[in-house]
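This report describes one structure in plain terms. The sequence and the structure come first.

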Number of protein chains: 2
Amino acid sequence: MTAMDGREIAEVAALLADRTRAGICLALLDGRAWTAGELARLAGVAPATATEHLNRLVAGGLLAEVRQGRHRYLRLAGPRAAQLVEDLSSYPAPAPPAPSLRGSGARAALTAARTCYDHLAGRLGVGLLAAMTGRGLFDQSAGAAFTPAGLAWLAGLGIELPAPEAGRRPPVRLCLDWTERRPHLAGAAGAALCARFLAAGWVERTTRQRAVRVTPAGERALADQLGLDVPGLTALPPTG
Amino acid sequence: MTAMDGREIAEVAALLADRTRAGICLALLDGRAWTAGELARLAGVAPATATEHLNRLVAGGLLAEVRQGRHRYLRLAGPRAAQLVEDLSSYPAPAPPAPSLRGSGARAALTAARTCYDHLAGRLGVGLLAAMTGRGLFDQSAGAAFTPAGLAWLAGLGIELPAPEAGRRPPVRLCLDWTERRPHLAGAAGAALCARFLAAGWVERTTRQRAVRVTPAGERALADQLGLDVPGLTALPPTG
DNA sequence: TGGACGGTTCGGTGAGGAGCGAACGGTCCG
DNA sequence: CGGACCGTTCGCTCCTCACCGAACCGTCCA
């Protein structure tokens, strides 16, 4: 009788059932911490209104907060929260990319390469997984797993795949891309790869959006290691 | 600017942000079609109220309907809808099983073995995946995929794993179990296995709940093929 | 051709909650 | 210390929406 009625489900869903709160969570999908004021401006509401929303989101376990001086920093509570937001944002079929006017620049940058909480998405993320699969580092023929060669490649980057464990996030997870309709790599491995790319300076964050940019060094490294044509990938959308 | 604001997210979330609608979707997680009246009684609202809710859920793409004579049959629109409901129902950590009074019988049956839309869950579902992994039919060490031996075993059951394709559901997906905190098999493979088990008479649905029961023939078959101790699995919860 | 039944449509009621402005309490800086 | 600044609390308005009863329309059965 406990979880059989819809009460608990409704409480969680209600957190995201408001346009303002959903927009806040969407902005936080970049994985970083924003201040309350930034979120209020972004959502287009008064600070007082934002406070109320943020309180509810924190109380509901969707957001985590860190108070520092006169600032209140907010971020998504964890990978589960991020996945929930991402899942909801891509239901049912997120309206065909609609290449109307090449997007408003910002949107074009997002479709090219962005972070999805803590892993890479967009054409870059999808291209990465496709390249790994094409090079025999990843195998999707009977599920989704790294091959022995893929594990060695990860090790070369200093990444060790954690063993699957009860309460932990899955080491490997495929995440259906929001703009492309193909999967990119998520889970612990996706997060580790993204962190490694950022640390190595292959990829860097742009303004204050989720968009990221591949550096010249990153282009060379990805071409070397995966045969990935980054400029061709991020410039124009493929015919499909 | 289109999907960047939270409007679309909020619209979908609002569908499940009501206790009654969430309860309806939860009931439909058994994968079958219910009539409008059954759903109204289950949710404890007047038929008029149910009609309004069902209209909204259908319009929102979460439910599909079939009108037949004076009946209106409703089911979840598809695997994506089911996954959304399941994801929401298990956030953040679905309250420890709380073995208070061995559950109300109905609940005990659910934790032992149930369907999760179109695949098997509960201790049976979790045990199945664990057994497949233990027997070398499935490999979770570097992701989640069937081994060659596993593919052969599936073929022996008349199941061929579909190739991953753009718009389709993933062939293999791990679904974190609601009661257990370990994964069970979902995706096209999970659905195929569940359908096969039902067709073979190894597993049968019970009353009108999501709970299922393993038949004697099923116990023998699962013990033979996977070394699975079904009675031990479904009788008492493990110490954990 | 009645009557039972499943489902819908239509007003009306009530509660929840999203929004704001204004006043207040902190922190940082000149 | 006084002023700018970030965030919160409070009181209020307004609108959405969940719910019901009653009347209605269709299907199925005797």
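This is a predicted model: local features need pLDDT of at least 70, side-chain atom pairs count only at pLDDT 80 or more; totals for chains, interfaces and linings use all residues.

Residues are numbered from 1 along each chain as its sequence is written, while chains are lettered from A and ligands numbered from 1 in the order in which they are written.

**DNA surfaces**

For classes, Ala, Val, Leu, Ile, Met, Phe, Trp, Tyr, Cys and Pro are nonpolar, Asp, Glu, Lys and Arg are charged, and the others, Gly among them, are polar.

Helices (H or I, at least four residues) and strands (E, at least two) are DSSP runs, numbered from the N terminus. At least two residues of the surface near DNA strand C come from each of helix H4 (47–59) of chain A and helix H3 (36–43), helix H4 (47–59) and strand E3 (71–76) of chain B. For DNA strand D, helix H3 (36–43), H4 and E3 of chain A and H4 of chain B each supply at least two residues. H4(A) gives the most to the surface near DNA strand D, with four residues.

**Contact between the chains**

Contact is taken as C-beta atoms, placed from the backbone, within 7 Å. By this rule 50 residues of chain B touch 50 residues of chain A. On the chain B side, two or more residues come from each of helix H1 (7–16), helix H2 (19–27), helix H5 (79–89) and strand E7 (143–146). H1(B) gives the most, with seven residues. That side of chain B has 29 nonpolar, ten polar and eleven charged residues.

Two strands pair if DSSP finds at least two bridges between them. Three bridges join strand E7 (residues 143–146) of chain A to E7(B), and the two run antiparallel. In this pairing A:Gly143 stands opposite B:Ala145.

**Sheet in chain A**

Chain A has an open sheet of three strands in the order E1-E3-E2, with antiparallel pairing. Strand E1 (34–35) and strand E2 (63–68) are its edges, each pairing on one side only. Six bridges join E2(A) to strand E3 (residues 71–76), and A:Arg67 has A:Arg72 in E3(A) as its bridge partner.

**Helix pair in chain B**

The axes of H3(B) and H4(B), which are lines fitted to C-alpha atoms over the stretch in contact, come within 9 Å and cross at roughly 110°. H3(B) is therefore roughly perpendicular to H4(B), a term for angles of 65 to 115 degrees on a scale from 0 to 180 degrees between N-to-C directions. From H3(B) the contact takes B:Ala36, B:Gly37, B:Leu39, B:Ala40 and B:Ala43, and from H4(B) B:Pro47, B:Ala50, B:Thr51 and B:Leu54. Seven of these residues are nonpolar, two are polar and none is charged.

**B:Ala121**

B:Ala121 lies in strand E5 (residues 119–121) of chain B. B:Ala121 is buried, with 29 other C-beta atoms within 10 Å; the cut-off for buried is 20 or more, with C-beta atoms placed from the backbone. Beyond its neighbours within four places in sequence, B:Ala121 is in contact with residues including B:Cys116, B:Trp178 and B:His184. B:Leu176 is 55 residues from B:Ala121 in sequence and 9.3 Å away in space, C-alpha to C-alpha.

Notes. Two residues are in contact if their C-beta atoms, placed from the backbone, lie within 7 Å. Angles under 35 degrees count as roughly parallel, over 145 as roughly antiparallel, 65 to 115 as roughly perpendicular and the rest as oblique. A residue is buried if 20 or more other C-beta atoms lie within 10 Å of its own, exposed if 12 or fewer, and partly exposed in between; C-beta atoms are placed from the backbone.
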